[in-house]
Amino acid sequence: MTVERLGRTVVLIVDGDLDLHTAPMARQAIESALSHRPRRLVVDLSLVQFLNSAGLDVLLTAHRQAVPHTDLRLVASTRAVWRPLQITRLHELLVIHASRSAAIASPTRPGGEDRSPPS
């Protein structure tokens, strides 16, 4: 995992699998980022090759912890990530973008989200 700071936005780039073995590390990285109360936290999952229920739980917990201080955005650009989010209907709860730049630049207001699946 890589962390980038862009002003009051923190970008957490997850690479590889987000599963039972890596979920604790992801949870810790997200909690650490949220402890600094950034305006926006972008969790970039575009390099994730496998996402299971443990990873989904980390993302759902991050959503709950972020509210109301931090605007949490996910980047889901692959079917390996988008499909589990869609099957569990988490795509209806979480703010998801197809690219990191869109997640960073997107307005905070409702309706500014890009919830479309990757092509």
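**Ground rules.** I am working with a predicted model, where local features need pLDDT of at least 70, side-chain atom pairs count only at pLDDT 80 or more, and totals for chains, interfaces and linings use all residues. Residues are numbered from 1 along each chain as its sequence is written, and side-chain values use heavy atoms, with hydrogens and water left out.

**The sheet.** I looked up the strand order and found an open sheet of 5 strands, β1-β2-β3-β4-β5, with mixed pairing. Here strands (E, at least two residues) and helices (H or I, at least four) are DSSP runs numbered from the N terminus, and two strands pair if DSSP finds at least two bridges between them. β1 (2-6) and β5 (96-97) each have a single partner strand, so one side of each lacks a neighbour in the sheet.

**β2 to β3.** I checked β2 (residues 9-18) against β3 (residues 40-51): they pair in the parallel sense over 9 bridges. The chain gets from β2 to β3 through helix α1 (residues 23-35), in a right-handed β-α-β crossover. Right-handed means that, with the strands pointing away from the viewer, the path from the first strand over the helix to the second runs clockwise. I also noted two bridge partners in β3: Val42 for Val11 and Leu51 for Leu18.

**β3 to β4.** Next I followed β3 to β4 (residues 71-75), a parallel pairing over 5 bridges. Val42 turns up again here, opposite Arg73 in β4. With helix α2 (residues 53-66), β3 and β4 make a right-handed β-α-β unit.
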